[in-house]
Amino acid sequence: MKRKCLEGDVCPVARALDVVGDWWTLLIIRDAFAGVTRFGDFQKHLGVAKNILATRLKDMVEQGLLQTSEVGARSEYQLTDKGRALMPVLVTLAQWGEVHTEPEEGGTRVLDARCLQPLRKVEVFSQDGRLLGIEDIVTQVPGARCQVPGASGLMARTR
């Protein structure tokens, strides 16, 4: 089943999910952050079917998340600036997963490369430096006469 295109949606969450909303996409980005560059290595690490991986990699290059280069007879995939900009998203998702899902024995952890210590929890701050909670955030909907407070605002309707 083909999914609905959210590319032109007014909601930035919907537009972002149009680019990275498939789980293989974020797992490929995760592996690229870990240094994986070759098709065969992505396939081995992810256990994904080759046709699905080929489609995802092609889409990710078209979306500007990855770029390819020829190294000998093989193509390698590297993160672009747009792909690297997903690092805070993946760290936040990993931190959420550490708290809210059951870990496998010896599960993966996200650490500071310099000291091998866990990262501080990702937090949201205002322009003036105040730590914000969900009750402190509103979503302004274009054309609306009011702002939508809190969590309901983050779940803006899509077209």
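At what angle do helix 2 and helix 6 pack, and how far apart are their axes? Hi everyone, let's look at that together.

A quick note before the answer: this is a predicted model, where local features need pLDDT of at least 70, side-chain atom pairs count only at pLDDT 80 or more, and totals for chains, interfaces and linings use all residues. Residues are numbered from 1 along each chain as its sequence is written, and side-chain values use heavy atoms, with hydrogens and water left out.

Now, helix 2 (residues 23-33) and helix 6 (residues 87-100) pack at about 105°, with axes 11 Å apart. Axes here are lines fitted to C-alpha atoms, for helices over the stretch in contact, and angles run from 0 to 180 degrees between N-to-C directions. The two helices are therefore roughly perpendicular, a label for angles of 65 to 115 degrees. L26, I29, R30 and F33 of helix 2 meet M87, L90 and L93 of helix 6; contact means heavy atoms within 4.5 Å.

Next, the largest nonpolar core. That is a set of buried (under 20% relative accessible area) Ala, Val, Leu, Ile, Met, Phe, Trp, Tyr and Cys residues joined through side-chain atoms within 4.5 Å. This core has 19 residues, and I28 and I29 are among those touching the most other members. Helix 2 gives the most to this core, 5 residues. I28 touches residues including F42, L46 and L66, not counting residues up to four places away in sequence.

Finally, L116 sits in the loop between helix 6 and strand 3 (124-125). L116 has a positive phi of about 55°, although it is not a glycine. Most residues other than glycine have a negative phi.

Key
Helix = DSSP H or I, 4+ residues; strand = E, 2+ residues; numbered from the N terminus. Parallel < 35°, antiparallel > 145°, perpendicular 65-115°, else oblique. Buried < 20%, exposed > 50% of the residue type's maximum accessible area, 1.4 Å probe, protein only.
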